[in-house]
There are 4 protein chains.
Amino acid sequence: MPDASRRNPQAHQAILGATWDLLVAGGWSAVSVDAIAARAGVGKRTIYRWWPNKNAVALEAFLARARATPPPGDPEGLSETLRAHARHFVDLYVGTRLGALLRELIGAAQTDPELARALREHWFLPRREPLRALIPGDDPDLVLDLVFAPLHYRLLTGHAAIDHAFADNVVKVALACSTASG
Amino acid sequence: MPDASRRNPQAHQAILGATWDLLVAGGWSAVSVDAIAARAGVGKRTIYRWWPNKNAVALEAFLARARATPPPGDPEGLSETLRAHARHFVDLYVGTRLGALLRELIGAAQTDPELARALREHWFLPRREPLRALIPGDDPDLVLDLVFAPLHYRLLTGHAAIDHAFADNVVKVALACSTASG
Amino acid sequence: MPDASRRNPQAHQAILGATWDLLVAGGWSAVSVDAIAARAGVGKRTIYRWWPNKNAVALEAFLARARATPPPGDPEGLSETLRAHARHFVDLYVGTRLGALLRELIGAAQTDPELARALREHWFLPRREPLRALIPGDDPDLVLDLVFAPLHYRLLTGHAAIDHAFADNVVKVALACSTASG
Amino acid sequence: MPDASRRNPQAHQAILGATWDLLVAGGWSAVSVDAIAARAGVGKRTIYRWWPNKNAVALEAFLARARATPPPGDPEGLSETLRAHARHFVDLYVGTRLGALLRELIGAAQTDPELARALREHWFLPRREPLRALIPGDDPDLVLDLVFAPLHYRLLTGHAAIDHAFADNVVKVALACSTASG
DNA sequence: CGTTAAGCGAGACGGTACGTCTTGTCTTCGT
DNA sequence: ACGAAGACAAGACGTACCGTCTCGCTTAACG
């Protein structure tokens, strides 16, 4: 295992930057380890020393940019909070390179268990966890899924449009559910 | 381009069968056009003549098997109907090779727009369409998403378990929503 | 074996014509059985019914055109006769599509024994035979080779130019040989 | 393009060796880039990195073996020298795998200009050059052709046998020519 | 005059080889 | 020891061509 303290931060950033640039310029299909290395002016070995494969690099590039736009500070009331989060996802995902990348990462995760685990651990769970405590009832995960699943489902299948109105609707009915049924 | 009436049905079935066999034996990563051709005793050209790539072949293999277990005849009452469908999806997807294949196909669809279109057109929409008419209110798609999105979301992200109880809960709250909010 | 009396002469000529056209348009590499069939408006089966492979077709196309320019009627004297023949070869081969085709056929014959046999039988021997009787001495084949080999050698290796002067020189020294040594 | 100093000599030799082995075992038709790579335990990419195609590989394999039997040191007298060289060609070519390979390479060169150039440059010219200076008269190339063309002509057309006697005869008459006519 | 057996056009098929691409490992230098 | 560079084994990709085949259609010879 490499010694993290001796890692070259320039190379680290160059790799993430090159990955993102390639993605913007040519889409996911333009991202290959060779291409990243060439554009970053870095040896392939340096990439494989620190990441297991290009999916992991792309995940880190995604997280760096996605985390740069932090989730909304929670306003008053559960309904408002969830609505703010749902709209935040819409803004982050829809019509953005970041949303496309997330789609592609979730896609790649279907054949890359390690990526699936990392996505859960570094993206989905951290965004859900702060909200779980706010949800009353004995199955907060169910409510969170009612809110967030439709968003991601449409993102991945594209069978219907996603916008703020949709986000608002989803939150409204999901909350109605949890009170009506819980 | 090619004349479908002259298509060799033996070769057609052999290709789909070989694809499925490879999938069962070695998972999605074992499926390659070369491997399919070799196992089916078929020239690669014959595959490329009728399908654009292996994703399309795998989709057809998926649909052939998935359609072989038709959705439940609709029992009395909307609630029962949706519950039957949700449980049907659970049975079809969870812990089965078919579910794994669907996951992988949705994954591949994130970088293959044609596959995405075909999946929507030949899988998602046909399963939704008969149910849309049954849903009261002015946004039946929203209700269908409340029911089916959590299922697929958990299938794709694996952040929580899927079983009949989950399916039942989802249907219960989704219906509670639509009545409470609509 | 097919019944030659029922052969369609239009198809026969169309195939030879298409072969030649392809050759002129794109060189030997543009000649494939598929391409011939397509351009001739003929089924591949029709080609394979009458020829074993494309080399045989091309040979026939070559012979049809090469035989259309018959060798010179033999003038007075062996020296003149050989010189006329040598110059005839030069005219036929050098800088012409026909010469290029012969090169390519001899090339193909190196891995196609049947083509080699046919070339010998239908091209080389018929051109040599009438001359053999004219050559005095006990090894006329040697003299013929002294005359014709350099021509074909340069055609195939391209290590030096071929023109009438070269043809004349070859004939002059070859004849000098045969008298000096014989 | 690639950095020759970093070339792996084991792989280089394995490729040439595998090419030769395939040739000996199954003839030219058994030689394919795939087969070479498989037998040499080498990636196809490694072959294509250093050679443009299999013809170039085969040429190098030919040259390696052909140069291993160097041309005869030149004995006293032009006649003896040429005779030794002619017999050397006969020994090298006739009834040997090497001769068959040369035939096939010359054949392939008819549709591969780069191979043609390389054959001239690395085989024909180096063997001719040392002899040119020995030939008196103003057209040494003509004399060399008189000696070597018949040999190669018969090799390529197979219209007559090749043996030491033929070589001797060719040299005898070719020299008679040059003195008689020059 | 009708039947029947070809030739024929079209093109699908099994197969093989091609040349390109990407992945992840390994080696060689330089710093 | 890390990093830049890139060669390497492996093997999938999609294309091209080969030679065989199956399908209907037409057409000539024969009953």
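These legends describe views of a predicted model of protein chains with a DNA strand.

**View 1. Fold of chain A.** Chain A holds 9 helices and 0 strands, and its elements read α-α-α-α-α-α-α-α-α from the N terminus. Along the principal axes, the C-alpha atoms of chain A occupy a box of roughly 60 × 35 × 30 Å. Among contacts between residues at least 6 apart in the sequence of chain A, 62% link residues at least 24 apart.

**View 2. Surface and charges of chain A.** Chain A has 182 residues, and 49% of them count as buried. The accessible surface of chain A is about 8200 Å², with 53% of this area belonging to carbon and sulfur atoms. Chain A carries 20 positive and 19 negative charges, whose mean positions lie 8 Å apart.

**View 3. Residues around DNA strand E.** There are 42 residues around DNA strand E, and those that come nearest are Asp34(A), Lys44(A), Trp50(B), Asn8(C) and Val33(D). Sugar or phosphate accounts for 59% of the DNA strand E atoms within 4 Å of the protein, and bases make up the rest.

View 4. For Tyr48(D), a polar side-chain atom is 2.7 Å from a phosphate oxygen. A side-chain N or O atom of Arg6(B) lies 3.0 Å from a sugar or linking oxygen of DNA strand E. Elements giving two or more residues to the surface near DNA strand E include α2 (33-40) and α3 (44-50) of chain A and α2 (33-40) and α3 (44-50) of chain D. The most, 5 residues, comes from α3(C).

Notes:
Residues are numbered from 1 along each chain as its sequence is written. Chains are lettered from A and ligands numbered from 1 in the order in which they are written. This is a predicted model: local features need pLDDT of at least 70, side-chain atom pairs count only at pLDDT 80 or more; totals for chains, interfaces and linings use all residues. Side-chain values use heavy atoms; hydrogens and water are left out. Helices (H or I, at least four residues) and strands (E, at least two) are DSSP runs, numbered from the N terminus. Buried means under 20% relative accessible area, exposed over 50%, partly exposed in between (1.4 Å probe, protein chains only). Contact means heavy atoms within 4.5 Å. Accessible areas come from the Shrake-Rupley method with a 1.4 Å probe; for residues, only the protein chains shown count as cover. Lys and Arg count as positive and Asp and Glu as negative; His and the chain ends are not counted. The place of a charge is taken as NZ of Lys, CZ of Arg, CG of Asp or CD of Glu. A residue is near a molecule or strand if one of its heavy atoms lies within 4 Å of it. A polar contact is a pair of N or O atoms within 3.5 Å; within protein, one must be able to donate a hydrogen and the other to accept it, and residues adjacent in sequence count only if both atoms are side-chain atoms.
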